[in-house]
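Subject: Structure handover

Hello,

Here is the structure for your work. My notes on what was found in it follow below.

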Amino acid sequence: MTLIRTVTHPWQPQGTVYGTLLNFEREWDLWAPRMHDDPHKAPPQQPVLYVKSANTFNPAGQDLVLQDGIQEVDIGASLGLVMGAEGQVVAGGLMLDWSVPHTSYFRPPIKFRCRDGYLGLPAAVTPWSDAWTHLEIQVLCNSLWVQKVQLSTLKRAIPKLVADVNAFMTLQAGDVLMVGTDVLETGLRPRARAGDRIELQATGLPSLVQRVGGAA
């Protein structure tokens, strides 16, 4: 008798993944005094986006591996919105948008945000809920609370963010739009080093756990 086993693979994006910058009120307020400096000389009028390329995709259950002498990384706790037809949100999940610490957000360097494995993904996504507009994400490092991310403080709430992005580019079915990552009161994001265990928790969504490992 032959047994047939169904293998369930961890979820991965089927389209392009976009991150959003300056989309929390605290970070916006901290940067506001500098928004009139060169090169832009004015606050951004549209959402500020960047791409997380496919090499960053890190399926659930895998570690983030630090390489090239990098000692620590910024923890970017975010909610990823999965698009369906006509640019509508159909699902979502907690995501870890890792980056090498850096100071420029007007022209975010690819080498700091798009390194291999720098996007921790959920095992599966959850159907869209209107409650996510007020979602609270708890960030824990080694089981200790280090940050609370409140989506009620988004500069552009989820419906407006999606509408504003769709106004100048069409989000395709399978694309993922992350709502952004918040900063601490210091203006920095919490950081992790090799050996740390990071966990994201939010009501109604599966938790996301990822360990940080050094290069062998």
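How many cavities of 30 Å³ or more does the count come to? The count comes to one. Please keep in mind that this is a predicted model.

The largest cavity holds about 40 Å³ of space. Its lining is made up of Thr20, Leu21, Leu22, Asn23, Trp28, Pro44, Gln46, Pro47, Val48 and Arg156. By type, the lining residues of this cavity are six nonpolar, three polar and one charged.

Next, helix H3. This helix spans residues 158-168, and its buried residues are Ile158, Leu161, Val162, Asp164 and Val165. Viewed down the axis of H3, these buried residues fall within an arc of 165 degrees, so they line one face of the helix. In general, an α-helix has 3.6 residues a turn, so residues three or four places apart point the same way. Pro159 and Ala167, on the other side of H3, are exposed. The cover over the buried residues of H3 includes strands E1 (17-21), E2 (48-52), E6 (77-83), E7 (89-97) and E12 (176-178).

Then there is Gln138, which belongs to strand E10 (residues 136-141). Its side chain makes a polar contact of 2.6 Å with the side chain of Glu136. A polar contact of 2.7 Å links the side chain of Gln138 to that of Trp145. With neighbours within four places in sequence left aside, the residues in contact with Gln138 are Trp145, Gln147, Lys148, Glu199, Leu200 and Gln201.

Helix H1 (residues 25-31) contains Trp31. Is Trp31 buried or exposed? Trp31 has 10% relative accessibility; the cut-off for buried is under 20%, so Trp31 counts as buried. In sequence, Trp31 and Gly187 are 156 residues apart, while their C-alpha atoms are 9.1 Å apart in space.

Two backbone angles may be of use when you check the geometry. Glu86 is not a glycine, yet it has a positive phi of about 60 degrees. Glu86 sits in the loop between E6 and E7, and with 74% relative accessibility it counts as exposed. Asn142, which is not a glycine either, has a positive phi of about 55 degrees. Asn142 lies in the loop between E10 and strand E11 (144-150). With a relative accessible area of 38%, Asn142 is partly exposed.

Regards

Terms used: Residues numbered from 1 in each chain as written. Predicted model: local features only at pLDDT ≥ 70, side-chain atom pairs only at ≥ 80, totals over all residues. Heavy atoms only, no water. Buried < 20%, exposed > 50% of the residue type's maximum accessible area, 1.4 Å probe, protein only. Helix = DSSP H or I, 4+ residues; strand = E, 2+ residues; numbered from the N terminus. Arc of directions from axis to C-beta. Contact = heavy atoms within 4.5 Å. Polar contact = N/O pair within 3.5 Å; in protein donor to acceptor, adjacent residues only side chain to side chain. 1 Å grid on protein atoms, 1.4 Å probe; cavity = no way out; pocket = protein on both sides within 12 Å on 5 of 7 lines; lining within 4 Å. Points joined across faces, edges and corners; volume = space filled by probe spheres on them. Nonpolar A, V, L, I, M, F, W, Y, C, P; charged D, E, K, R; others polar.
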